[in-house]
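Open the model in your viewer and keep the selection tool at hand. The stops below go one by one.

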Amino acid sequence: MKIGIVGCAGRMGRMLVKAVAETPGAELAGGSEAPHSDAIGEDPAVLAGLPASGLKITGDARELFEVSDAVVDFTAPVATVAHAALAAETGTALVPGTTGLSAEDQAKIEEAAKAVAIVQAANYSVGVNVLLGLAEQTAAMLGPEFDIEILEMHHRHKVDAPSGTALALGHAAAKGRGVDLDTVSDRVRDGHTGERTVGNIGFATLRGGMVVGDHSVIFASDDERIEITHKAADRGLFAKGAIRAALWASDKAPGLYSMRDVLGLDK
Ligand code: NAD
């Protein structure tokens with residue numbers, strides 16, 4: 001299975017190139033970067049700290065889609081939307097891990113998934129996908145006397161907040177309660193906010209150091225508190241999960257799939 005990595009010079013891109021090399025049955029088709037990137041023409045394997053592959057990073061994503069069975073994309077929203085359209089045109093499965101997509105961006109991904117298999121996840125780790133199920137189940141079991149808060153911490157370079165995983169956990173908890181997150185989410189608190197609104201799901205964001213990704217879902221009543229926490233120790237974890245998703249997607253019918261489908265957690 002030939003896997004292409006768009007954004008292969010990025011923090012996750014390099015990890016993804018390494019994960020392809022470490023995954024039996026997967027072979028690197030090549031890598032692309034933004035057209036203005038200094039990495040164009042470099043060897044993606046060498047950038048990832050591996051022996052030379054003889055491949056050269058291209059600025060033309062279409063070229064990469066045409067020689068790949070699946071493409072993995074951890075880049076930026078504007079690039080991911082363009083890559084989803086290319087996936088649909090070339091029939092190449094796509095694994096988009098980019099977070100911070102707007103509703104319009106997401107609609108374009110869903111449109112592309114009518115023509116090709118896309119496995120999209122805010123987080124490709126097994127642990128977080130188990131946590132999503134736990135958040136939904138716990139919220140379904142507890143009444144509105146339990147306030148739900150989601151706390152996340154990431155490294156200082158992260159550009160979007162709350163994290164895609166925090167929002168996915170919010171959606172899971174809201175689903176458990178039978179409500180729509182968009183109508184109950186409390187994403188920013190500053191100054192004289194007034195009391196907490198009953199039934200809202202709150203978010204708090206911490207940024208600092210090189211933290212790979214910590215997430216907690218907190219259920220707090222007057223008398224007790226449940227906290228479920230996941231801590232990622234190495235971003236290679238997300239890369240390995242995304243390559244597993246790419247291998248899984250290569251023979252799937254068009255559609256928008258989740259990591260829970262890949263892991264068989266909903267069966
Ligand atoms: P980064 O800035 O280090 O890397 C992004 C790379 O994409 C850069 O090298 C950039 O040049 C490249 N890029 C931008 N536009 C491009 C284009 N048009 N074509 C090709 N390449 C292009 O960022 P990062 O830390 O690697 O994170 C990337 C994204 O992945 C973020 O949205 C982040 O939140 C997300 N992420 C998701 C998960 C997950 O499990 N879903 C895990 C970690 C990070």
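In which loop is Pro-162 found? Select Pro-162: it is in the loop between strand S6 (147-154) and helix H7 (164-177); helices (H or I, at least four residues) and strands (E, at least two) are DSSP runs, numbered from the N terminus. The peptide bond from Ala-161 to Pro-162 is cis, with omega near -10 degrees.

Before moving on, note that this is a predicted model, in which local features need pLDDT of at least 70 and side-chain atom pairs count only at pLDDT 80 or more, while totals for chains, interfaces and linings use all residues. Residues are numbered from 1 along each chain as its sequence is written, and side-chain values use heavy atoms, with hydrogens and water left out.

The shell holds 23 residues, and the closest are Arg-11, Met-12, Glu-33, Thr-99 and Ala-122. Helix H1 (11-22) and helix H4 (77-90) each supply at least two shell residues.

Now show the polar contacts (pairs of N or O atoms within 3.5 Å):

- Ala-122: a polar backbone atom is 2.9 Å from a nitrogen atom of the ligand.
- Ala-34: a polar backbone atom is 3.3 Å from a ligand nitrogen atom.
- Tyr-124: a backbone N or O atom lies 3.3 Å from an oxygen atom of the ligand.

The whole structure has two aromatic pairs (ring centres of Phe, Tyr or Trp, its six-membered ring, within 6.5 Å). Phe-74 and Tyr-124 form a tilted one, 5.6 Å centre to centre with 45 degrees between the planes; planes under 30 degrees apart would count as stacked and over 60 as edge-to-face. Phe-74 is in the loop between strand S3 (70-73) and H4, and Tyr-124 in the loop between strand S5 (117-119) and helix H6 (126-141), 50 residues apart.

Note on methods:
Near = heavy atom within 4 Å. Polar contact = N/O pair within 3.5 Å; in protein donor to acceptor, adjacent residues only side chain to side chain.
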